[in-house]
Amino acid sequence: MNGFSYFWPCMTFNSLQFLVFFMVVTLWFFSLKGQKGRIWLLLLASCYFYMSFIPEYILILGGTIVIDYFAGIQIERSEGSSRRSWLIISLIANIGVLAVFKYYNFFIDNINTSFLFFGKPMSFPLLKMALPIGLSFHTFQAMSYTIEVYRKNQPAERNFIVYSLYVMFYPQLVAGPIERPQNVLPQLKEFRAYDWDNVKEGLARMLWGFFKKAVIADRLAMVVDRTFSHTSETSSIALFIGAVFYSFQIYCDFSGYSDIAIGAARVMNIRLMENFKQPYLSSNITTFWGRWHVSLSSWFRDYLYIPLGGNRKGEARRRFNVFLVFLLSGLWHGANWTFIVWGLLHGLFVILTGNSLKNAEEKGSAIITTVKTVATFVLVTFLWIFFRSQNVASAFYYIRFICSFKQGTNYIGISHAEFLFSLLVIAIMLLREKYIPAHFISSNKRFYAFLFSMIVICYLFGVFIENQFIYFQF
Amino acid sequence: MRHVIRYICILFGLALLWISTSRTAMQYLVTLRDVKNTWWGVDELDHGDLASLSYLYNIKQFAQPKWIEPEHAIFNGVKHTALYIHGDSYTRFIKDTEQFAGLSSYHFIDRNRGGTFHLDTTQKNILIIEISERYLRNYFSNLDIFSNFSEAGNDGPTSSSLLKEITPRLSYASFPGNIKLDSIFNVNINQNLQFNLFNYQFIMPMFGCKAAINYYLFHRASGDVVISADKKFLFLKETVSVDDKSSSYSPLPADEVSAIVERFNTIYDHYKQAGFNEAYLSIIPNSATINQPEGYNNLIPAIQNDPQLKIKVIDVYTPFTMSQELVYQTGDTHWNRKGLKIWLDIVNKKLTE
């Protein structure tokens, strides 16, 4: 990562602080008899949650909320160019915050390097600031609100507290899903009675997410960290295992987070959008993007790809649109050339497959589909190497070493027994998500048995180190 | 009834969050629970810090043997040396000053707590700056190396700290109305919650069970502790992670060594001017440096052998690497009796020169 960053002990979903916080907020939420009180409670709780990361940055978030709130009302009231101007003000405010905190150092660093390359050393100053947590998520969610108001798909929200909660709702504040106002705002305003079925489903889903994070993702992290930091001395096969494990690590980490977020909201009777739909079972790269981080890919589709013309303006324009979407998607993930190259390569492969972003599942025989699914997974895995590496050169280095079938140490940071155990839990995860995708358990006895066994499994086999969720940095 | 339970849970959760945030409340609780052999007592680090941290103290090879103090130093001359140690956990626990030779007085300042040295100008004043290898590189980017000192007979310190906070740490700002945010958001809240919820003697067997599963099934320790490649030692994770500056294996740029040497020279000049007859640097190697030397970044030799280094060195790295006996405890970050004895012998030789 460029710029100044550090890890601060904070209220991640896998922390004790979150466990206690969630218990208090949920019980308190259901103790309140009016929706007004509940909204205030959730907003204050969300402020506390966000401030547990870096307290001062609530002021930045608050600033953009105020701007977007008034911009939304003005957009609704205005017509013609004035309407457009208010939208642009809102977009500039949000993108401006992103530009300063996330991209300024990256661009300045590259400018300084360029001057040095041409023999005229310059040193434009870099900002020594930490990146506000989840910045890319809540700015995109805020932008979706003003765009939808501009498109007249959503009335402007007059209640400032409700709008603030739409941006700050703690389960999805720092790593999504990036919600749409049409889905969340009505739910926040409606009083919903306590529903045991929702509580059961929400808790079961939270535990499943916690299982993916603590038992799988953080276990695989030991292998990934080892292979990506000892690339030169590690054998090709071990490097390949490291890359494959990273594919599952990032999936279990991010989808585990999403499960906890969706589950936590569900306990309070709020339904958030799905973020993952078994992406590694995709038979081509286009389908993969319809299943991976759905809330972001659909954001780019709805607010960038389609407004640019989508596939309606000819093949050349479609290719350009796809390329631009993936370039910006890469840049969204971080101010580093690794993310840009990762995004561009995905764009390139989507174009090469000749499908549009809205392409549906392909049909074919089981064998062909299986081969295609494996090939897509291998391709995605190789592209993740760019995502995980410190820089582009290291990524190429890693790929070159995998492809050279070189000898070296086969040690991958864990024992053989733990390697086999890792494969077992990955298989369990894939099979469960394929064949039992629902989280609702109707029988109370089964629910309690599931609850108890998951807590025991997560405790005994979870890896508890202070690992943040990977997507928090974005 | 449900409502009552609900409100009790809310109050319990709020109280737990408040107590775990409040430094005063936590200090009170830590003191209150510092009672052994009770169910609410704290799990002490009696078994060796790493063995306790990883709950592997029931595994035979990591169990802590009973500590036997090294014998007293033999010295028959006139005692006229005042020894000042500016150190950390390696020297903090030396209570029996008869282990040093020829001391008229002994003074210790814990670097993490700070303090004032009162120089006795009638004595030969010797200073030892003892520092663990794992703190060495981080130390010079964050903390103050100069302690206050005063001469006997003066009322106050004659000189105060010179190097402070070389790199400013990010601190919480004050909000309008003088609300201090660090009183609301305690960065140690998760450790405090763990202390309040789980750190009880009666829960320890559960932690021991998980640790045993990890050890026997996966051959590793949990959390911040790792098992050495030969399975004989526990190491603190940060001392073996390649991307941590505390590590024995993290890359060591030459300019960083030069910068550290330069700082030590400044420190040496400072203390010599302050009136110390001699100042020594004693870097205590990480256990991993000695017990798993393959891939070592050579931090200690690089500093100790730098021709620019002015401060004199109490070198334990060399005798530790040559020792045929173990010099570290197997389940602890610190040296064993043999390791301490080697250090004491070198120190006593310097004191009686």
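A:Leu324 sits in helix H12 of chain A, which covers residues 315-333. This is a predicted model, and in it A:Leu324 counts as partly exposed because its relative accessibility is 22%, while buried means under 20%.

Let us move on to helix H17 of chain A. This helix runs over residues 444-461, 18 residues in total. From its first C-alpha to its last, H17 reaches 25 Å, close to the 26 Å expected at 1.5 Å a residue. At the start of H17(A), A:Ser443 brings a side-chain oxygen to within 3.3 Å of the backbone nitrogen of A:Lys445.

Which residues of H17(A) are buried? They are A:Phe447, A:Phe450, A:Leu451, A:Met454, A:Cys458, A:Tyr459, A:Leu460 and A:Phe461. As a reminder, residues three or four places apart in an α-helix point the same way, because there are 3.6 residues a turn. The buried residues of H17(A) pack against helix H8 (196-229) and helix H16 (416-435) of chain A, and also against helix H7 (204-218) of chain B.

Now for the charged pairs. Side chains of opposite charge can pair when their charged atoms come close. Over all chains, the count comes to 31 salt bridges. Three of these pairs are set out here:

| Salt bridge | Closest N to O distance |
|---|---|
| A:Arg180 with A:Asp302 | 3.0 Å |
| A:Arg226 with A:Glu233 | 3.8 Å |

A:Arg180 forms its salt bridge with A:Asp302. A:Arg180 lies in the loop between helix H6 (160-168) and helix H7 (181-189) of chain A, and A:Asp302 lies in helix H11 (residues 294-305), so the pair ties together parts that are 122 residues apart in sequence. Both A:Arg180 and A:Asp302 are buried.

For the pair of A:Arg226 and A:Glu233, the arginine A:Arg226 is buried, with a relative accessible area of 18%, whereas A:Glu233 is partly exposed at 40%.

B:Arg220 is buried, with a relative accessible area of 12%, and A:Glu418 counts as buried at 0% relative accessibility. Elsewhere, salt bridges that share partners join A:Arg205, A:Lys212, A:Asp259, A:Glu274 and A:Glu433 into one network.

How values were computed:
Residues numbered from 1 in each chain as written. Chains lettered and ligands numbered in written order. Predicted model: local features only at pLDDT ≥ 70, side-chain atom pairs only at ≥ 80, totals over all residues. Heavy atoms only, no water. Helix = DSSP H or I, 4+ residues; strand = E, 2+ residues; numbered from the N terminus. Buried < 20%, exposed > 50% of the residue type's maximum accessible area, 1.4 Å probe, protein only. Expected span 1.5 Å × (residues − 1). Contact = heavy atoms within 4.5 Å. Polar contact = N/O pair within 3.5 Å; in protein donor to acceptor, adjacent residues only side chain to side chain. Salt bridge = Lys/Arg side-chain N within 4 Å of Asp/Glu carboxyl O.
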